Amino acid sequence: MTELREELQERLGLVRGRILEMKENIDAELAEQIPAEIRESLTAYFYAACDYLGSCFFVMDQLGEDLFREEGPRVSAWEHISAEEWRKINQMLYAPLSGDGYQEDFSNPDQAVKLGTYGETLSFLLAELYSMPQYIFDGKLFMIVTLLELFLEIYGKFCQDEAPAESRIRECIAYYAEDYAGEIVGERTRDMFCPVENTLYQVLMREDLSDETYLYKYGEYITENELKVSRFMNTLSEEEIDAMARTFSKGFRRGFETMRVPFEGKKSVAVRYALGQERMVRRLVEQFREMGLEPILNRAAGSRLNRRGVVRSGVLSTPVCRQFEYDHRMDEALFLSRRYMERKLAAAKAAYQSLEAELAGYSGPAWIETFGEALFLPEAKEGIVRLSEEQRSLSTELMGKQGQLQEEYLPGSSYSFAIISYPIPEIGDRFEEIFRDTVRINTLENEVYLPLQQALIDAMDPADHILVEGCGANRTRMKVKMRTLEKPDQETQFENCVADVNIPLGEVFTSPVLEGTEGVLHVTGVYLNGYFFQDLEIHFRDGVVTDYSCGNYEDPEAGRRYIRENILFHHDTLPIGEFAIGTNVPAYLMAGKYDILGKLPILIVEKTGPHFAVGDTCYSHSEDTAVYNPDGKEIISRENSFSVLRDTEPEKAYFNCHTDITIPYKEIGRITAVYPDGREADLIRDGRFVLPGTEGLNVEGQMG
């Protein structure tokens, strides 16, 4: 064991001993000057925190002395724990947030108000402590020790001669963020780009997948979703598993050819999946190894120092409490400053520089999404931490500079990606039927769709603009400005998208001209970035957002705030980065058959109708890389009047977000190409493809 780990082990022993002692002495140790109206709640807060940490220490003991080995935990050493003990461990680690636990927990802003002016900071501290399970199961000793020391430091402030000012508690958090930004960001970066045989790898590749107990060894929250998916996977034949994995691995490899990215020298691939899918993912890893790629497996970030809003990316399980995630989405307001931003950027740059070889061999992410979660409308709470105007500006600046840094050390033109999606049991009683239909949707033949989609492209390429109008309750009225092709025999405006990186197939898309693009985009109901939006309406002028509203809340300002946080991501405005027409009618019919349109992921929904994306274009950071359709024509619509600034004003070129908003076929009155001489050609009328040559896209019973 290195000197540093020996020191960390010693520090862990000290903080552990102190925390175990605390539980018996909290009331006596708190300063006498603590206001009477919050003293009882403050005592209850620290008691609950100690109780939770005591559970964490118990789990550490159960996992054994190999937990903090230099090279990481050894999962095979955990065989002495029975299936029933594993279930109890999982329940113990996630009890504060599972079931109705969050309603009474001090991480809930509604309860944190009982702590007076300390509510925001202490609620954040408890939320950070709830990331302990992933640190324990990964043997991340540094993260455990520093977080526990922060807890003790803050507790100590309440045990002095007088009650601490709230600003002193906030300072503790700010100093923690600044002091450890380098280590925390560096470790996260290594997790994302370095193949190692960590806990996730050991469970995926070495455990007996026929025994569902393996799921608990991840240390993630386990529900019936994970258990039922695993059981279902075990009913599939080896041939079915191989075919599902092959569809994905072939699409990933084909992406390098489609995007004309060199594959030579690639050595790793970031595999992201949901727990329960291991049989398919293990086969996928084997297929990637046949290509010379080793898997990178990492968890979703736990600490707010590495989180961005409610985004979760990595090897995932069902969220313990989505309201908890939503309530703490802006916790960085407690420590976000220019000083912190600069430290975080410096740490990221140092990490990238130290990983030059790993980045050169990185081939990109292979992401298996899930869908089917119950629709979630978060409660808008007044007591949550919010970014100030200055911090919102800093947040967008930080996002932009992080994007620039990654582009410098890992250019978007140097790697590819692939993404596919499957349902989870929460989608309903017909889960297995929906799963099998999803497999069918994911394996539609490219050769069938290429000519049908090409007919759409041929009709739109010469157009001056495209009109998109809703029908019935849909109020969409959009005019989308097109470019003029100088070499129409060699150039095109739309990508003919079939099943390579983006599975399932079924769309043609472009980055429209912003100037002249205008109107109103409306959807009666849509699920975006994990949240439901009712009567979402966005206004555009010259291709950028000018106004927006939704019907989620009685208070219009609450709705605007909801959109600003979860679609605009704190930007004052965003441009249209993409206009597309989805052509996958079978996916639309599947959604109608099971009444699950609102539960489908963007990945599939975007193929079930026309859609607009706000944010960056699909070619963000890769505008200078020539892209071609199967017919050999170059796709020239790769940028807009924002991304063109990437060399002169890079801070204005990108927004580091891209959200697709799809209008279902049944809400489309017409999509019409309007040519420079005034002629018109209908592409879709009343939800059906009517352009000659596209009739094959229609399926009987399409309109529902």
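Q: In which sense do β1 and β3 pair?
A: This is a predicted model, and in it β1 and β3 run parallel, joined over 4 bridges. One of the residue pairs to look for is Ala270 with its bridge partner Pro365 in β3.

Q: Which strand is joined to β1 by 3 bridges?
A: That's β2, residues 294-296, and the two run parallel. Here Ser268 has Glu294 in β2 as its bridge partner.

Q: How do I read the two faces of a strand, and which residues of β1 lie on each side?
A: The general idea goes like this: in a regular strand the side chains alternate between the two faces of the sheet. In β1, Ser268, Ala270 and Arg272 sit on one side, with Val269 and Val271 on the other. Both faces are covered, as all of these residues are buried.

Q: Why is β1 said to be largely enclosed by the rest of the structure?
A: Because 5 of the 5 residues in this strand, 268-272, are buried.

Q: On to cores. How many residues does the largest nonpolar core have?
A: As background, nonpolar side chains in soluble globular proteins tend to be buried together. In this model the largest nonpolar core has 155 residues, and Phe46, Met132, Ile136, Phe151, Phe158 and Tyr218 have the most contacts inside it. Helix α2 (residues 36-63) gives the most to this core, with 13 residues. Apart from it lies another core, of 64 residues, including Cys550 and Ile663.

Q: What does Tyr218 touch?
A: Leaving aside residues up to four places away in sequence, its contacts include Phe137, Leu200, Tyr273, Glu278 and Arg299.

Q: Is Phe376 buried or exposed?
A: The cut-off for buried is under 20% relative accessible area. Phe376 comes out at 14%, so it counts as buried. You'll find Phe376 in the loop between β3 (362-371) and α16 (389-409). Beyond four places in sequence, Phe376 touches Arg322, Gln323, Tyr527, Tyr531 and Phe532.

Q: What lines the second largest cavity?
A: There are 28 lining residues, and Tyr130, Gln134, Gly302, Arg307 and Glu325 lie nearest its centre. The elements giving two or more residues to this lining are α5 (119-129), α6 (132-137) and α13 (322-327). By class, the lining of this cavity has 14 nonpolar, 7 polar and 7 charged residues.

Definitions and conventions:
Residues are numbered from 1 along each chain as its sequence is written. This is a predicted model: local features need pLDDT of at least 70, side-chain atom pairs count only at pLDDT 80 or more; totals for chains, interfaces and linings use all residues. Side-chain values use heavy atoms; hydrogens and water are left out. A nonpolar core is a set of buried Ala, Val, Leu, Ile, Met, Phe, Trp, Tyr and Cys residues joined through side-chain atoms within 4.5 Å. Buried means under 20% relative accessible area, exposed over 50%, partly exposed in between (1.4 Å probe, protein chains only). Contact means heavy atoms within 4.5 Å. On a 1 Å grid over the protein atoms alone, a cavity is a set of points where a 1.4 Å probe fits but cannot get out, and a pocket is an open set with protein on both sides within 12 Å along at least five of seven lines; lining residues have an atom within 4 Å of a point. Ala, Val, Leu, Ile, Met, Phe, Trp, Tyr, Cys and Pro count as nonpolar, Asp, Glu, Lys and Arg as charged, and the others, Gly among them, as polar. Two strands pair if DSSP finds at least two bridges between them.
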